[in-house]
Amino acid sequence: MKTVAEIRQAILELPEADYAQLSRWFHEVDGTRWDAEIEQDSHDGKLDPLVDQAAQAKADGTLQEL
């Protein structure tokens, strides 16, 4: 396995088309991991205070549309 420094250097040396392909792939992987983290946080109840805050703002009529 290469070190992070070696991987970084290899990425810098990629042709533009390969860099773009890698960038898209990395973005997809990052999004998938983020989705899994949010799902786990929701399952663990870590988002409950935010849901409660939004429900209260809706009840108060102060909820803002995105």
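Mentor: A residue is called buried under 20% relative accessible area, exposed over 50%, and partly exposed in between, with a 1.4 Å probe and protein chains only. Asp41 is buried because its relative accessible area is 17%. The model is predicted, so local features need pLDDT of at least 70 and side-chain atom pairs count only at pLDDT 80 or more, while totals for chains, interfaces and linings use all residues. Residues are numbered from 1 along each chain as its sequence is written, and side-chain values use heavy atoms, with hydrogens and water left out.

Asp41 has its place in helix H2; helices are DSSP runs of H or I with at least four residues, numbered from the N terminus. Helix H2 covers residues 16-43, and its 28 residues should span 40 Å at 1.5 Å a residue, which agrees with the 40 Å between its end C-alpha atoms; the expected span is 1.5 Å times one less than the number of residues. Gly45, which follows H2, has a positive phi near 85°.

Leaving aside neighbours within four places in sequence, Asp41 is in contact (heavy atoms within 4.5 Å) with Lys46 and Leu47. The side chains of Asp41 and Lys46 form a salt bridge at 3.7 Å, N to O, the term meaning a side-chain nitrogen of Lys or Arg within 4 Å of a carboxyl oxygen of Asp or Glu. A search of the whole structure finds 1 salt bridge. Lys46 counts as exposed, at 55% relative accessibility.

Helix H3 comprises residues 48-60. Of its 13 residues the number buried is 1, so H3 lies largely in the open.

Technical notes. Helix = DSSP H or I, 4+ residues; strand = E, 2+ residues; numbered from the N terminus.
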